[in-house]
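Here is a short tour of a helix pair and a few backbone features. Please have the sequence and model open as you read.

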Amino acid sequence: DMIVGDRKDFKEIVEKLGTRRRVLLLGCNECVTVCGVGGEREVGVLASELRLYWKKEGLDFEVREHTLERQCDYEYIDQIRGMVGDYDVILSMACGAGVQYVAETYRTKPVLPAVNTTFLGVTLEQGVWSERCQGCGSCILDMTGGVCPIARCAKSLLNGPCGGSSEGKCEIDKETDCAWHLIVDRLKESDQMERYEEILPARDWRTGRDGGPRKRVREDLKL
Amino acid sequence: MKTESRIERILAGGGFVVTSECGPPRGADPEVVRRKGELLRGVVDAVNVTDNQTSVVRMSSLSACVILKEMGLEPVLQMVCRDRNRIALQSDLLGAAALGIHNVLCLSGDHQKFGDHPQGKNVYDIDSIQLIQTVCRMRDEGKFLGGEEIKGKPALFVGAAENPFADPFEIRAARLGKKMKAGCEFIQTQCIYNMERFSRWMEMVCERGFHEKCAVLAGVTPFKSAGMASYMKKNVPGMDVPDGLIDRMKGVAKEKQAEEGIRICVEQIQQLQEIPGVRGVHIMAIEWEAKVPEIVKAAGLLPRPD
């Protein structure tokens, strides 16, 4: 899985920055680089946009570009300790996790997001990504032909499809595949249609976000 | 008999059930419900009360059910899984039973995108089949979904909806089978216009014997106009309207189209009565409740049993 996001509109970013124009613009070399929203290249693009805009407005500014290997690991975030003090604000182009980890590391500095984190997904083709997983914490893909109804059915139905499924598409719009149509097709292709007859019981959502923020400790990996 | 439901009683006696629908108002005026109820009195055996249909906020289904109940009508409480989690759903089931409601219809619900609050979150803690299981467990085992014992079991007759025309077609009978296995006792179908396709579905249902444990009430909706027929074909997901019917509606003058729509509906009910396994009809005359008595009478289904 890869975390996918969208760059925020330039106008929103400028509004959020307000009078804070000494900016440390921080990219991330992981998922957001792959989906083309927050890597070194996008840091360069946004930095140019900001410089052009403030120059035109006749304002003083300083935009420093820097891209970390990852914003979800302290060892990389720590690398910018020496430069943080020179700026009013850190504008992070990482996913929501990266933004937060930077913020909790540099507690006296405002940290703003430049990206809307959207989903865990796959690359369908160059420039096209699609959601696949919601991190529910209790995988049932063995039961559903390898297609996740929690992430891919608009109603997260465990016993679909609903009456709105039409010609393989979801009732919410004709561009969205009906997850349960995909499930039935996959069960047929893999000769497992008997699976369809089984009722999946009400789920225990505690493994997902409903159980509260999640944390995982692996004693075997700790130093 | 598991409940005091009129639908259960008529089915047990081998009778043909006639149900209809009442959409609660988008406001707090109980008179709207009473007016609609009055039109249906003595004409149908039970009245479904929709639950924030098409995701538009309306008076709650349970409240409107109670208003109809006070008038002496037999309401069917529709419950969608979109807006309430298992705690709220079970709580409302207890409340419904306590207020003398005898029937519940378990539904997924339309996505909120179609309604007046597309910004809202949806819930879908459980789905319609799991809701059927939940009601049956509460009624038959006296247990909540969480496993705790219930003091005072809710005696509700359990129904669900099924759309024989949605895709993929080949699992549509199996899906009814899953609802039956979950404990569903009656099904009201999506509006039927394609009789041939419905008959094929019904054959699949009967071949597997599902119809014996789960009574199928066939859904019909009269066209008010040729425009409505075309609109339903084009814009309602999972609706199958044959061109022949649209042509027939277009073939009569505009002012005669409503009458033609009623005539078609009556013919459809008569055809449905002949299809093996069909145990009743569900007449969804959307904001056209005034026509239900005429349809039921013309279809030869009056008087209704006590």
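Is the crossing of α2(B) and α3(B) left-handed or right-handed? The crossing is right-handed, a word used when the near helix is turned clockwise from the far one by less than a right angle.

This is a predicted model, where local features need pLDDT of at least 70, side-chain atom pairs count only at pLDDT 80 or more, and totals for chains, interfaces and linings use all residues. Residues are numbered from 1 along each chain as its sequence is written, chains are lettered from A and ligands numbered from 1 in the order written, and side-chain values use heavy atoms, without hydrogens and water.

**The helix pair.** In chain B, the axes of α2 (residues 30-40) and α3 (residues 61-70) come within 9 Å and cross at roughly 55°. That makes α2(B) oblique to α3(B). On the α2(B) side, Pro30(B), Val33(B), Arg34(B) and Gly37(B) meet Ala64(B), Ile67(B) and Leu68(B) of α3(B); contact means heavy atoms within 4.5 Å. By class, this contact has 5 nonpolar, 1 polar and 1 charged residues.

**Backbone features.** Most residues other than glycine have a negative phi, and most peptide bonds are trans.

| Cis peptide bond | Omega |
|---|---|
| Gly160(A) to Pro161(A) | about -5° |
| Leu302(B) to Pro303(B) | near -5° |

Pro161(A) lies in the loop between α7 (149-152) and β8 (169-170) of chain A, while Pro303(B) sits in the segment after α12 (292-298) of chain B.

Asp191(A), not a glycine, has a positive phi of about 55° and is exposed, with a relative accessible area of 67%. Thr54(B) has a positive phi near 50° and is partly exposed at 36% relative accessible area. Buried means under 20%, exposed over 50% and partly exposed in between, with a 1.4 Å probe and protein chains only.

Terms used: Axes are lines fitted to C-alpha atoms, for helices over the stretch in contact, and angles run from 0 to 180 degrees between N-to-C directions. Helices (H or I, at least four residues) and strands (E, at least two) are DSSP runs, numbered from the N terminus. Angles under 35 degrees count as roughly parallel, over 145 as roughly antiparallel, 65 to 115 as roughly perpendicular and the rest as oblique. Ala, Val, Leu, Ile, Met, Phe, Trp, Tyr, Cys and Pro count as nonpolar, Asp, Glu, Lys and Arg as charged, and the others, Gly among them, as polar.
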